[in-house]
Number of protein chains: 2
Amino acid sequence: MGILVVGSAALDSVQTPHGKVKEALGGSAVYFAVSARFFTSIKLVAVVGEDFPQEHVNFLKRKNIDIEGLEIVGGETFRWKGRYTGDMNTAHTLSTCLNVFEKFHPKLPENYRESKYIFLANIDPGLQLEVLKQVKNPKLVASDTMNLWISLVPGVLKKTLKHVDMLIINDAEIKQFSGEDNIVRASRKVLQFGPKAVVVKRGEFGSMMFTGNSIFSVPAYPLDRVVDPTGAGDTFAGGLMGYLSKTDNIKEGNIRKAIIYGTVMASFNVQDFSLDRMKKLTVKEINNRFNEISKLTSF
Amino acid sequence: MGILVVGSAALDSVQTPHGKVKEALGGSAVYFAVSARFFTSIKLVAVVGEDFPQEHVNFLKRKNIDIEGLEIVGGETFRWKGRYTGDMNTAHTLSTCLNVFEKFHPKLPENYRESKYIFLANIDPGLQLEVLKQVKNPKLVASDTMNLWISLVPGVLKKTLKHVDMLIINDAEIKQFSGEDNIVRASRKVLQFGPKAVVVKRGEFGSMMFTGNSIFSVPAYPLDRVVDPTGAGDTFAGGLMGYLSKTDNIKEGNIRKAIIYGTVMASFNVQDFSLDRMKKLTVKEINNRFNEISKLTSF
């Protein structure tokens with residue numbers, strides 16, 4: 001089936017108690033694609049500046065990610081600087097430079113428009129909507145967002161959500177977006193904006209899916225060492241959407257399995273900086289950890 | 001089989017966003033007993049002052065809780081005042097008056113000493129140890145503790161833990177006790193103090209059990225309205241120990257089921273102030289919610 005993903009490609013500088021990296025490969029669409037490509041084929045839409053290292057382009061190509069939709073324009077690539085401390089549950093943003101994203105308007109290559117599985121990774125919801133207008137007849141549209149857009153353009157976000165089947169969002173963000181400090185009430189409210197399912201990411205506490213008539217809850221995979229949480233949410237979404245696209249089945253039982261694959265992918269990603277762990281990851285390791293989560297949660 | 005529980009009986013004054021109560025029935029041993037008695041018979045050891053209302057004594061008797069070990073002495077009953085705000089995950093203690101607990105030394109009635117299942121609810125670990133010295137040949141000893149004892153008497157706590165099979169503790173406390181901010185590492189360290197299992201309570205994020213070679217993780221039951229979290233940990237322990245005692249099976253698979261019963265009992269308890277929800281609770285409601293948690297977590 002394959003997935004179309006639109007989002008950011010970035011150069012991230014990150015400090016954690018375990019070390020730091022400078023201008024490492026990152027960005028929501030990149031993390032998502034590198035995770036989801038273990039399951040299915042990926043078409044990527046993003047923009048970078050001419051300063052984006054060729055080695056990163058080569059890496060994405062080598063992983064069979066279709067980058068026809070990766071625009072390279074004059075100017076600087078999007079950059080994010082952040083720091084994690086203590087329990088590593090919250091990113092402290094030191095700086096965000098949108099750079100080439102400020103004037104970006106995604107234009108989908110013709111062969112991208114027939115995509116059935118769409119992931120609108122975290123970018124301006126206006127751009128997410130522009131992408132949706134260009135796709136023809138999607139089977140499942142999922143999206144992510146962040147506190148910045150919830151504060152700046154809540155109206156555009158709500159407009160976009162009318163066309164979204166599944167919102168994947170973290171717990172602090174859904175509380176902010178809904179104005180509710182209880183996650184059940186918050187999800188119920190956000191379901192009224194349009195999505196048929198809301199998946200809430202809770203970091204080390206796992207994730208939950210809310211639909212109109214069901215709740216699913218799964219813990220995170222327990223790790224004794226989290227090196228860098230950057231990209232956890234996007235690799236989670238990558239595993240989730242990757243498995244759905246691979247199996248082409250969007251019934252609730254299958255979405256639950258997909259959430260476990262998302263959990264698995266996120267758990268690997270946080271074990272090293274940037275995409276370093278994902279670069280070495282094997283399908284066998286993914287399936288083993290899926291089985292471990294089965295054992296971890298069964299009673 | 002039955003359970004011997006030692007802990008506090010208290011009069012709690014609590015404020016939450018949903019209201020407040022003044023000098024309501026509370027205390028770790030009381031919450032535990034009222035929860036566990038749905039599963040098995042309970043022998044309670046605690047102390048209260050002469051000001052402890054007779055209606056509370058009558059209530060415990062009516063629930064078939066053996067209160068031969070409830071000492072009534074001159075002086076005032078233990079009192080706690082606390083407040084919960086926002087996401088209700090943390091209690092802000094306004095005052096703690098130990099009162100009659102300051103000079104308490106538990107003396108077990110003769111027929112208490114043969115108990116096979118022992119729960120050392122949250123009191124001074126020195127008193128927990130005094131109780132253990134009086135029991136003859138227990139099958140399972142579980143204990144709880146709190147930040148106060150971890151700060152004041154960590155040595156006594158460690159000495160007590162040498163005789164404990166299962167420590168039931170909340171996440172902030174196990175991090176404080178171990179000096180580790182990662183829950184996997186924290187539990188590994190505390191297992192070295194003696195217990196064969198550590199059960200970590202994480203409030204709205206559920207609970208985890210760590211043994212030397214396994215991890216079990218279960219989410220909380222999702223509630224759209226938490227009225228008063230007081231006693232959640234003790235009613236959790238009550239469901240857990242109650243089911244173990246009832247089934248008289250301490251294999252890991254059965255302990256996992258017991259943790260689900262703990263989760264169920266805690267989820268009911270927080271739906272009203274003090275023990276008000278527990279007073280109305282039925283076995284049918286307990287079993288229904290157990291099944292709901294099964295559905296909530298299956299994939």
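**Working chat: a two-chain model**

Mentor: Start with one residue: leaving aside residues up to four places away in sequence, A:S35 touches A:T235, A:G238, A:G239, A:M265 and A:M278. Keep in mind that this is a predicted model.

Trainee: Where does A:S35 sit in chain A?

Mentor: A:S35 belongs to helix α1 of chain A, residues 28–36.

Trainee: Is A:S35 buried or exposed?

Mentor: A:S35 counts as buried, because its relative accessibility is 0%.

Trainee: And how many residues of helix α1 of chain B are buried?

Mentor: Nine of the nine residues in α1 of chain B (28–36) are buried, so that helix is largely enclosed by the rest of the structure. Among them are B:Y31, B:F32 and B:S35.

Trainee: Switching to the two chains. What rotation superposes chain B on chain A?

Mentor: A rotation of 180 degrees, with 0.0 Å of shift along the axis, and the RMSD is 0.0 Å. The two copies are thus related as by a two-fold rotation axis.

Trainee: Why mention the shift at all?

Mentor: Because two copies of a chain are related by a rotation about an axis and a shift along it.

Trainee: Through which surface do the copies meet?

Mentor: Through the same surface, since 100% of the interface residues of chain B are also interface residues in chain A.

Trainee: How many aromatic pairs are there over all chains?

Mentor: There are 19 aromatic pairs over all chains. One of them is A:F290 with B:F299, an edge-to-face pair with 5.9 Å from centre to centre and 85 degrees between the planes.

Trainee: Why does that pair join two chains?

Mentor: A:F290 lies in helix α11 of chain A (283–297), while B:F299 lies in the segment after α11 of chain B, so the pair joins two chains.

Trainee: What about A:F299 and B:F216?

Mentor: Their ring centres are 6.4 Å apart and their planes are at 70 degrees, so the pair is edge-to-face. This pair also goes between chains, from A:F299 in the segment after α11 of chain A to B:F216 in strand β13 (residues 215–218) of chain B. A:F299 is partly exposed, with a relative accessible area of 28%, and B:F216 is buried at 1% relative accessibility.

Trainee: Which residues do ring pairs link into a cluster?

Mentor: The cluster holds A:F39, A:F216, A:Y243, A:Y261, A:F290 and B:F299.

Trainee: Which charged residue sits over the ring of A:F59?

Mentor: A:K279 does, with its charged end 4.8 Å from the ring centre. A:R289 lies over the face of A:F268, at 3.7 Å from the ring centre.

Trainee: On to sheets. In what order do the nine strands of chain A run in their open sheet?

Mentor: The order is β5-β4-β1-β8-β9-β10-β11-β12-β13, and the pairing is mixed. The edge strands, each pairing on one side only, are β5 (65–73) and β13 (215–218) of chain A. Ignoring direction, neighbouring strands in this sheet are turned by 15 degrees against each other on average.

Trainee: How many bridges join β1 to β4 there?

Mentor: Four bridges join β1 (residues 3–6) to β4 (residues 42–49) of chain A, and the two strands run parallel. Within β4 of chain A, A:I42 is the bridge partner of A:I3.

Trainee: And what is the order in the open sheet of four strands in chain A?

Mentor: The order is β3-β2-β6-β7, again an open sheet of chain A with mixed pairing. β3 (19–26) and β7 (91–97) of chain A stand at the edges with a single partner strand each, so one side of each has no neighbour in the sheet. The twist averages 15 degrees from one strand to the next.

Trainee: Do β2 and β3 of chain A pair in the parallel or antiparallel sense?

Mentor: Antiparallel: β2 (residues 10–16) and β3 of chain A pair over six bridges. A:A10 stands opposite A:G26 in β3 of chain A.

Trainee: Last one. Where is B:P53?

Mentor: B:P53 is in the loop between β4 (42–49) and α2 (54–62) of chain B. B:P53 counts as partly exposed, at 26% relative accessibility. The C-alpha atoms of B:P53 and B:F104 are separated by 19 Å, and the two residues are 51 residues apart along the chain.

Definitions and conventions. Residues are numbered from 1 along each chain as its sequence is written. Chains are lettered from A and ligands numbered from 1 in the order in which they are written. This is a predicted model: local features need pLDDT of at least 70, side-chain atom pairs count only at pLDDT 80 or more; totals for chains, interfaces and linings use all residues. Side-chain values use heavy atoms; hydrogens and water are left out. Copies are superposed by least squares on the C-alpha atoms of residues with pLDDT of at least 70 in both. Contact means heavy atoms within 4.5 Å. Two strands pair if DSSP finds at least two bridges between them. Axes are lines fitted to C-alpha atoms, for helices over the stretch in contact, and angles run from 0 to 180 degrees between N-to-C directions. Rings of Phe, Tyr and Trp (its six-membered ring) pair if their centres lie within 6.5 Å; planes under 30 degrees apart count as stacked, over 60 as edge-to-face and the rest as tilted. Buried means under 20% relative accessible area, exposed over 50%, partly exposed in between (1.4 Å probe, protein chains only). A charge sits over a ring if NZ of Lys or CZ of Arg is within 6 Å of the ring centre and within 35 degrees of the ring normal.
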